[in-house]
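Please load the model in a viewer and keep the selection panel open.

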Amino acid sequence: MDLTAQQTEWMPTEIYDAIFCALVFLGTNDAIKTLFTCRLTCSYLKSVAEASLVWETLYKRRWKQHDREREQKRRAKFAHDPFQRFLHRAWIDHRVRTMVYRMSLFKKGRFARAQILGDYGEDALEQLRKLANFDPSPTRGSHWLSDAYWATQTIGALERRAAMNRLSRITNGEHFELEEGLSVLSSFFGVGYSEIKEKLDNMAERCKEDLFLTLRDLSDTQTICIAICDWMRSQGFVPSGSRETYLDLDNHFIHKMPNERGNLPLTMVAVFVALARRLGLDARPVSFPRHVHAWVKVHDKDESIAVDVFNSKERPILTPDLLEASFRELHMAPERLSTFLQPTSTGLMLERAARNVASSLRTLTPYSKPRYWDVVRSCYAMVSVLSYFANASEELLRHLTKRIQYVFPVDIPIVINLELYPNEPRDTNASKALADIIRHHKIQEYGPPPKSLLRIPTMPYFVGLVVIHNGGEMCVIIGWNIDGTWKSDDDNRRSSPEEPVYELSCTSTASEIREDAQIRRTTQKYMKPFPAPDMGNPKGWGLYYVVTDLIQDLGRIFRSAVVSDDRYLWFIPNDELAARYPDDTAAGRKFMGIAPDSAI
């Protein structure tokens, strides 16, 4: 039966609170909807619902990750009002969605909106991860691809900002575990330390379970160390067997471990130390000249053992004689040996890891076939870390101006503007260069729109169409020219109305000769539309996943994608690209068989 407002007040608030607390069994979203509905019934239920202790439970269930400083302020401000704390955090989620949506729609104002997201810090990450979903979904609106791109870019920038802050503290002598230090390099791939820590925690739990089943004596330090090495090999942590696999770029980043082609000593030692410490051992890395090994304190004794994780199958324990003989082979002064037998700081290990990345970048081989984006991120990580340790800020800045502004557009407002520039001493060359980068980035946002290019009737192709180039390379058309200013890479012909030159973004590797290995220019006779093969996905969407995985910045200039009945894939231009090629959207609709008045 229906209750009047007066009748609802006959029931004690404790009964209502018990009812509201039981709502959590409906699920978080249903409980929130029910509570907000109750608030609308009458003023009495509104006050009871807002005062319910259930909001504390719902808050913890809905948000697992928080910006530490902001969460402390929220708890201090709303110490006795969990409902208001919930509303404050929900408002941030709303703001995050709004900022990403407007970044994908409007070029102007992106710097300011990215800066707002940067200020939110980890408070924004959970909502950003929901938006960073590249799965085709018309229900998410007409800009789902560009929304996912800008959300992904912002996540990466936030992780890199946190990594730069951590890197600064490491260089200032603050102690960090090796795994957290190496996570600085992984952050340039958009992987944060929390993700790496969770992976190592799970790995340690599995290792612990297996060791309890196989070991009888868990008090012998050497036995446990050998068992951990054996377990790691069983999980794929095997040493690189050749120079080509040793220099594989994936070997340097802890989030990519284990590498099925073989692993480096430094990353293997980092994983070993992480597992050993989680199992109760005092383990640390040692930066020995030839290759890194682990230092482990013997239980209840004032001595240690050296563990060669890389060669653990042949000789897991390095005796003092072996270490001394190895040192002599390097023709180094004997009195320096003692300094190389002690645990090494995380800062020095991180610097060594960055130099290893530099070695791999100098010797890229066709065997490894590194992807363009992996090379760019690796270079960004290496230069950033070495610049901090060598105080070579100019080197970092030169790299930023050439590449990072294009590949990582959100890093300028978040990483440089919020982290690097405020911490750089004023009136230095580095400070002035950073200020110039920020100013130039802002000016670009408000620059005049590009000149519009009108199609000629004989042009068969249009921006956004997926084509195959020279019979083997999948590409996406990102522009074309007919005024003679472009040349074809295939036959050196200049563009003309009779023979337009198309610009393609390609699924290539970074081992190509051209500086920007992603871009090709060619005429239409060297390419043709590429129908999606049957890859187990309905309507040809398998090709979409392949292309977006290999060309990772399509969301910057395209807002969504469609597949035709003939299984052709078309990336729909965003407003900025559509303004430059105003007739191409209509041409795309006609080619794909989409009605002029249909929503895309």
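Helix axes in this tour are lines fitted to C-alpha atoms over the stretch in contact, and angles run from 0 to 180 degrees between N-to-C directions. This is a predicted model, in which local features need pLDDT of at least 70 and side-chain atom pairs count only at pLDDT 80 or more, while totals for chains, interfaces and linings use all residues. Residues are numbered from 1 along each chain as its sequence is written, and side-chain values use heavy atoms, with hydrogens and water left out.

**The whole chain**

Begin with the entire chain, coloured by secondary structure. It holds 24 helices and eleven strands; helices (H or I, at least four residues) and strands (E, at least two) are DSSP runs, numbered from the N terminus. Of the 600 residues, 52% are buried, where buried means under 20% relative accessible area, exposed means over 50%, and partly exposed lies in between (1.4 Å probe, protein chains only). Contact means heavy atoms within 4.5 Å. Among contacts with a separation of 6 or more, 63% join residues 24 or more positions apart.

**Helices α6 and α7**

Select residues 68-77 for α6 and residues 82-105 for α7. Their axes come within 10 Å and cross at roughly 145°. The crossing is right-handed, a term used if the near helix is turned clockwise from the far one by less than a right angle, anticlockwise being left-handed. Show side chains for Arg70, Glu71, Arg74 and Arg75 in α6, which meet Arg85, His88, Arg89 and Ile92 in α7. By class, this contact has one nonpolar, one polar and six charged residues. In this classification Ala, Val, Leu, Ile, Met, Phe, Trp, Tyr, Cys and Pro count as nonpolar, Asp, Glu, Lys and Arg as charged, and the others, Gly among them, as polar.

**Phe83**

Remain in α7 and centre on Phe83. Is Phe83 buried or exposed? Phe83 is buried, because its relative accessible area is 1%. Leaving aside neighbours within four places in sequence, Phe83 is in contact with Phe36, Arg39, Glu50 and Trp55.

Next select residues 54-62, helix α5, whose buried residues are Val54, Trp55, Leu58 and Tyr59. Seen down the axis of α5, these buried residues fall within an arc of 140°, so they line one face of the helix; the arc is that of the directions from the helix axis to the C-beta atoms. An α-helix has 3.6 residues a turn, so residues three or four places apart point the same way. Which helices does the buried set of α5 pack against? The partners are α2 (13-22), α3 (28-39), α4 (43-51), α6 and α7.

Of these partners, select α2. The buried residues of α2 are Tyr16, Asp17 and Phe20. Viewed down the axis of α2, they fall within an arc of 100°, so they line one face of the helix.

**Helices α8 and α20**

Move to α8 (residues 110-120) and α20 (residues 411-423), which pack at an angle of about 60° with their axes 8 Å apart. The two helices are therefore oblique to each other; angles under 35 degrees count as roughly parallel, over 145 as roughly antiparallel, 65 to 115 as roughly perpendicular and the rest as oblique. α8 passes α20 in a right-handed crossing. The contact is made by Phe111, Ala114, Gln115, Gly118 and Asp119 of α8 and by Ile412, Pro413, Ile414, Asn417 and Leu418 of α20. By class, this contact has six nonpolar, three polar and one charged residues.

**Loop positions**

Select Ser187, in the loop between α11 (178-186) and α12 (193-214). Ser187 is buried, with a relative accessible area of 0%. Beyond its neighbours within four places in sequence, Ser187 is in contact with Gly156, Glu159, Arg160 and Ala163.

The remaining stops concern the backbone. Most residues other than glycine have a negative phi, and most peptide bonds are trans.

- Pro258 lies in the loop between α14 (243-246) and α15 (265-278); the peptide bond from Met257 to Pro258 is cis, with omega near -5°.
- Asn492, in the loop between β6 (473-481) and β7 (501-506), has a positive phi of about 65° although it is not a glycine. Asn492 is exposed, with a relative accessible area of 51%.
- Arg567, in the loop between β10 (558-563) and β11 (569-573), has a positive phi near 70°. Arg567 is partly exposed, with a relative accessible area of 26%.
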